[in-house]
Amino acid sequence: MRAFAAGEVVLCHSDLLTKHFSNLAIARSWYQPFSALGVELFFIVSGYVIAMRVGEKDTGGAFFAARVLRLIPMYWFFTSLVVLVYLVKPAWHLMGFSPDPISMAKSFLILPQQGFPILGVGWTLEHEILFYLGVALMLATVGSGRGARIGLAWLLTALGAVGLALGSPAGPVPGASTLGAAFLTHVFNPFMLAFALGWLVRELEGRRAADLALQVLPPALILLWAVWEAPSGKLMPLWRIGAAGLVFAGFILCRQALQKDSRLGRSMVLLGEASFSIYLSHWFVLSAGGKLLGGLGVPASYDVVVRLVGVALALAIGVAFYLALEKPLDRWLRPGGRLRSFRILPHGAAAAPAPIPKKPG
């Protein structure tokens, strides 16, 4: 699913490759309202996977530290690369980047911003961090029992519903704002509905029909209220999350078939594992490729071929970053298991038991 999401985002950004020689653009096509739907799918998957990983003995501090440590190295690497490119060639800045201290601090610390951070695609991590913070607060206060976990799903739904009712924009909106205002627009944001959906699906898997109705009714009523109160024309974030939810459901329903060992399956697993590196690196690859092609006089008729080759190249380079940098860094930063890595387990599988210490003598 992460491989599919990463590929969809890369494809939607492939306009960067062709904009200098072709008038065709996904950003102006019939698909535009659902362009980069992989972002919402990533959020749903994140809610599902984190619900699957969190155990009864996990502490809030250890969980949050492990998740931040998972994101920071590669995010800092590519953010620093943007700064370096800007210093070498200011005209190649991304997302209107300017090297002022406040923007630098907000971007490197993944603090909420109204507009884009230095690394443009990093805006989604601001929402991820807040979701992780919510899970960490749950673990630190009420634990991870069944009631607490269902309560978190309801809370996330309520936060997203308030954002929907207020007409809060789901994505970045460039413009000046205080850190407090940006924080509130991130907390009360429709994207919280995506995290809630993934989390709730995981929590309700295998439950009886009576339990399902009882646990789904409160968030459903909250969502109906938000739809009723939402300003006219401001429901697109909900439709996007709904569309991503249908894709998510399709993968869940086909899980048994997708788990079969095959060359295609192993390739998709690798792309899924490399999805973070693909997501962070693809803008560089596509933007640089577009600038190169723009000076070569490529005919407009080559648009589709260029897109397919460019997307394949961006995926391959992302995998290379994963194998050469992200994976070794992740292992190096957790020597001896000092911080739990929260590895993904197959559905229904249990974590391997800790070895029993030998008795003295």
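Trainee: How much of the protein chain counts as buried?
Mentor: Of its 361 residues, 46% count as buried. Keep in mind that this is a predicted model.

Trainee: And how many helices and strands are there?
Mentor: The protein chain has 15 helices and 0 strands.

Trainee: What share of the contacts with a separation of 6 or more comes from residues 24 or more positions apart?
Mentor: That share is 84% in the protein chain.

Trainee: OK, on to the core. Which residues of the largest nonpolar core touch the most other members?
Mentor: Those are Ile50, Phe63, Leu119, Phe131, Val135, Trp199 and Leu280, out of 86 residues in that core. The element that gives the most to this core is α3, with 11 residues.

Trainee: Pick Leu280, then. What is Leu280 in contact with, leaving aside neighbours within four places in sequence?
Mentor: Leu280 contacts Met74, Tyr75, Phe78, Leu119 and Val121. Leu119 is also on that list of core residues touching the most other members.

Trainee: Back to α3. At what angle do the axes of α3 and α11 cross?
Mentor: Roughly 55°, and the axes come within 8 Å; α3 covers residues 38-53 and α11 covers residues 236-253. An angle like that makes α3 oblique to α11. Their crossing is right-handed.

Trainee: Which residues meet there?
Mentor: From α3 you have Glu40, Leu41, Ile44, Val45 and Tyr48. On the α11 side they meet Arg240, Ile241, Ala244, Gly245, Val247, Phe248 and Ile252. The residues of this contact divide into 9 nonpolar, 1 polar and 2 charged.

Trainee: What about Leu238, is it buried or exposed?
Mentor: Leu238, which lies in α11, is buried because its relative accessible area is 13%, and buried means under 20%.

Trainee: What is around Leu238, beyond neighbours within four places in sequence?
Mentor: Leu238 is in contact with Leu164, Leu193, Leu223 and Val227. For a sense of distance, Leu238 and Ala170 are 68 residues apart in sequence and 9.6 Å apart in space, C-alpha to C-alpha.

Definitions and conventions. Residues are numbered from 1 along each chain as its sequence is written. This is a predicted model: local features need pLDDT of at least 70, side-chain atom pairs count only at pLDDT 80 or more; totals for chains, interfaces and linings use all residues. Side-chain values use heavy atoms; hydrogens and water are left out. Axes are lines fitted to C-alpha atoms, for helices over the stretch in contact, and angles run from 0 to 180 degrees between N-to-C directions. Helices (H or I, at least four residues) and strands (E, at least two) are DSSP runs, numbered from the N terminus. Angles under 35 degrees count as roughly parallel, over 145 as roughly antiparallel, 65 to 115 as roughly perpendicular and the rest as oblique. A crossing is left-handed if the near helix is turned anticlockwise from the far one by less than a right angle, and right-handed if clockwise. Contact means heavy atoms within 4.5 Å. Ala, Val, Leu, Ile, Met, Phe, Trp, Tyr, Cys and Pro count as nonpolar, Asp, Glu, Lys and Arg as charged, and the others, Gly among them, as polar. A nonpolar core is a set of buried Ala, Val, Leu, Ile, Met, Phe, Trp, Tyr and Cys residues joined through side-chain atoms within 4.5 Å. Buried means under 20% relative accessible area, exposed over 50%, partly exposed in between (1.4 Å probe, protein chains only).
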